[in-house]
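Reader: I would like to learn how to read a model feature by feature. Where do we begin?

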Amino acid sequence: MSIESISLSGRKKVVSNKEMTFWERMYLVAIVKGLIITIQHLFTRKVTIQYPEQVREMSPVYRGQHMLKRDEEGRENCTACGLCALSCPAEAITMKAEERRGDEKHLYREEKYASIYEINMLRCIFCGLCEEACPKDAIYLTTSKVLVPSSYEREDFIFGKDRLVMPLDIAMKNAQLKNAN
């Protein structure tokens, strides 16, 4: 058995080097096929959207900017278990866990909390795996159309807790909606 006949993947194909016919050498058939495709595109409907006047509908599975939830008392849900960071395929999430002190009971639900929680938005692919992996339902991707703002500095794309934690007034509104239902 020679080296040329061995295929480890089993996908080896023998390629033949057959002579082209006269019409294939002239490339006339290929040119005509290309012109037909071009002419067909002249008569199709345009997909361009005039953005400020027209807004494209978002997909029902759209995932926007990340947010760290708070409970009905305004405490952070995140317990710094690290499952979101482990499930992130782009390795965009970093966190540091610390123990809660006695005077911080009104800030954090559990004994452990994330003192540092950062998402590198340049690496994030908005897949939603962090949202699915979280056992405390602490992180979710919003449906807002606000995405990562543009900037010239790399540091502006690393979102810390100051930009990720849900504002207190929104957490209180969510608690009122839960109590009303």
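Author: With the helix and strand labels. Helices (H or I, at least four residues) and strands (E, at least two) are DSSP runs, numbered from the N terminus. Keep in mind that this is a predicted model.

Reader: Then in which helix is glutamate 131 found?

Author: Glutamate 131 is found in helix α4, which spans residues 129–133. Its relative accessible area is 27%, so glutamate 131 is partly exposed. Now look across the sequence. Glutamate 131 and cysteine 88 are 43 residues apart in sequence, yet 9.7 Å apart in space, C-alpha to C-alpha.

Reader: How far apart are leucine 68 and arginine 163, in sequence and in space?

Author: In sequence, 95 residues separate leucine 68 and arginine 163; in space, C-alpha to C-alpha, the distance is 9.2 Å. Leucine 68 belongs to strand β1. With a relative accessible area of 5%, leucine 68 is buried.

Reader: Next, ring against ring. How many aromatic pairs does the structure hold?

Author: The structure holds 2 aromatic pairs. Phenylalanine 22 and tryptophan 23 form an edge-to-face pair, with 5.5 Å centre to centre and 70° between the planes. Planes over 60 degrees apart count as edge-to-face, those under 30 as stacked.

Reader: Why is the pair of tyrosine 108 and tyrosine 113 stacked?

Author: Read the angle. The planes of tyrosine 108 and tyrosine 113 are at 10° and the ring centres 3.8 Å apart, so this pair is stacked.

Reader: Are tyrosine 108 and tyrosine 113 buried or exposed?

Author: Buried means under 20% relative accessible area, exposed over 50%. Tyrosine 108 has 10% relative accessibility, so it counts as buried. Tyrosine 113 has 6%, so it counts as buried too. Phenylalanine 22 has 48%, so it counts as partly exposed. Tryptophan 23 has a relative accessible area of 53%, so it is exposed.

Reader: Now the sheet. What is the general idea of strand pairing?

Author: Strands of a sheet pair through backbone hydrogen bonds, either parallel or antiparallel. Here, an open sheet of 3 strands runs in the order β2-β3-β5, with antiparallel pairing. Its edge strands are β2 and β5, each pairing on one side only.

Reader: Over how many bridges do β2 and β3 pair, and over how many do β3 and β5?

Author: Strand β2 (residues 93–99) and strand β3 (residues 112–120) pair over 7 bridges, in the antiparallel sense. Between β3 and β5 (residues 158–159) there are 2 bridges, again antiparallel.

Reader: Which residues stand opposite glutamate 98 and isoleucine 119?

Author: Opposite glutamate 98 stands tyrosine 113 in β3. That is the tyrosine 113 of the stacked pair. Opposite isoleucine 119 stands phenylalanine 159 in β5. Arginine 163 lies over the face of this phenylalanine 159.

Reader: On to backbone angles. Which phi values do tyrosine 27 and alanine 80 have?

Author: Tyrosine 27 has a positive phi of about 60°, although it is not a glycine. Tyrosine 27 sits in the loop between α1 (22–26) and α2 (28–42). Its relative accessibility is 48%, so tyrosine 27 counts as partly exposed. Alanine 80 is not a glycine either, and has a positive phi of about 55°. The loop between β1 (66–68) and α3 (83–87) holds alanine 80. At 6% relative accessibility, alanine 80 counts as buried.

Reader: Last, the largest pocket. How much space lies in it, and which residues lie nearest its centre?

Author: About 220 Å³ of space lies in the largest pocket. It is lined by 13 residues; Lys69, Arg70, Asn77, Asn174 and Lys178 lie nearest its centre. Lys69 also lies over the face of tyrosine 140.

Reader: What is the lining of the largest pocket by class?

Author: The lining has 7 charged, 4 nonpolar and 2 polar residues. Helix α6 (residues 168–180) gives the most to this lining, with 4 residues.

Note on methods
Residues are numbered from 1 along each chain as its sequence is written. This is a predicted model: local features need pLDDT of at least 70, side-chain atom pairs count only at pLDDT 80 or more; totals for chains, interfaces and linings use all residues. Side-chain values use heavy atoms; hydrogens and water are left out. Rings of Phe, Tyr and Trp (its six-membered ring) pair if their centres lie within 6.5 Å; planes under 30 degrees apart count as stacked, over 60 as edge-to-face and the rest as tilted. Buried means under 20% relative accessible area, exposed over 50%, partly exposed in between (1.4 Å probe, protein chains only). A charge sits over a ring if NZ of Lys or CZ of Arg is within 6 Å of the ring centre and within 35 degrees of the ring normal. Two strands pair if DSSP finds at least two bridges between them. On a 1 Å grid over the protein atoms alone, a cavity is a set of points where a 1.4 Å probe fits but cannot get out, and a pocket is an open set with protein on both sides within 12 Å along at least five of seven lines; lining residues have an atom within 4 Å of a point. Grid points are joined across faces, edges and corners, and a volume is the space filled by probe spheres set on the points. Ala, Val, Leu, Ile, Met, Phe, Trp, Tyr, Cys and Pro count as nonpolar, Asp, Glu, Lys and Arg as charged, and the others, Gly among them, as polar.
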